Amino acid sequence: MLYEVVKFAAAPLANAMCRPHISGAVHVPRSGPAILAANHLSILDSFLLPALLPRHVTFTAKNEYFDGNPISGFFMRLGGSLPIDRESAHAAQTMLDSAADLLERGELFGIHPEGTRSPDGRLYRGKVGVAWLTLKTGAPVLPVALSGTERVLPVGSKVPRPARIGIAIGEPMRFEGDHTKARDRRRVTDEIMAAIQKLSGQEYVPTYAASFKAANGVS
C-alpha cells in the first residue's frame, strides 16, 4: 500500500522532471516474475525505473544509498529497496535469497549487475548474482539501458535537477545452466551485459567498476 501511495505521488514528479522516453515497455510482463537488469549511471536509477514502470519493482541498493544521501535514502526506503553490504559475501547471498523469494512469488526484481555506479559513463563487467538468480528461479531477464539519469542527480549534488532521461527495455532473455557452476554464471552474466551494451551503446570495459574505482581513487 505504501509503495502504491509513493508511486502515485512520485510518478508525475518523475515524468515532469525527467521527461522520459521509454521504449520496450511492452516487454515487461503484466504478471509473473522477471528480472530487470539495468546499467547504473546514477544513485537515483533504482528509484526512477520503478517510478516510471506500471508494475511494482523491488530493487537492490548498496547501504550507502540508504545512509549517505538523505534524499536517496528517503526514496529507497519508501520504494522498498533491498539494502546490501557490498563488502560482505554473506550479506550479498542473503539479498539474493530474498530476491529469489520475490521472484518465486511472481514479482519483478531489479538489479544493477555492475554492482556500483559507473564512474565515467562506460559499461563495466557484470557480477554474477544476476545469473545466479535467473538460473536458480527460471525467471526471464529483461536487459535495461538507462541514459541521462546521471544528469538528474550528478555526483556530489544533493538536489535533483530537470534532465531528460531514456529507458530502453529489451526482449526477455531465458537461459539454461546450473546456478551452482561458476562457468554457467559467468557465461550468462556476460550475455546479459552484452544485451545491455547493445541497447545503451556504451563503451564496454571488461573489468569491474569497483576495481576501477579503487585503482583510480574514485568514489
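1. Arg187 forms a salt bridge with Glu191, with 3.7 Å between the closest N and O atoms. A salt bridge here is a side-chain nitrogen of Lys or Arg within 4 Å of a carboxyl oxygen of Asp or Glu. Because Arg187 and Glu191 are four residues apart in helix α7, about one helical turn separates them. Glu191 is partly exposed, at a relative accessible area of 34%, and Arg187 is partly exposed at 33%. On the terms: buried means under 20% relative accessible area, exposed over 50%, and partly exposed in between (1.4 Å probe, protein chains only). Elsewhere, salt bridges that share partners join Asp120, Arg122 and Glu203 into one network.

2. The model is predicted; local features need pLDDT of at least 70 and side-chain atom pairs count only at pLDDT 80 or more, while totals for chains, interfaces and linings use all residues. Residues are numbered from 1 along each chain as its sequence is written, and side-chain values use heavy atoms, with hydrogens and water left out.

3. Arg187 also forms a salt bridge with Asp184, where the closest N and O atoms are 3.6 Å apart. Both residues lie in helix α7 (residues 182-200), three residues apart, about one turn of the helix. Helices (H or I, at least four residues) and strands (E, at least two) are DSSP runs, numbered from the N terminus. Asp184 is buried, with a relative accessible area of 17%.

4. A further salt bridge links Glu107 and Arg105, with the closest N and O atoms 3.3 Å apart. Arg105 is exposed at 55% relative accessible area, whereas Glu107 is partly exposed at 25%. Side chains of opposite charge can pair when their charged atoms come close. A search of the whole structure finds seven salt bridges.

5. Strand β8 (residues 166-169) is covered on both faces. Gly166 and Ala168 on one side, and Ile167 and Ile169 on the other, are all buried. In a regular strand the side chains alternate between the two faces of the sheet.

6. Strand β8 pairs with β1 (residues 21-23) in parallel, through three bridges; two strands pair if DSSP finds at least two bridges between them. In this pairing Ile22 stands opposite Ile167. Strand β7 (residues 141-147) runs antiparallel to β8, and four bridges join the two. Here Leu146 has Ile167 as its bridge partner.
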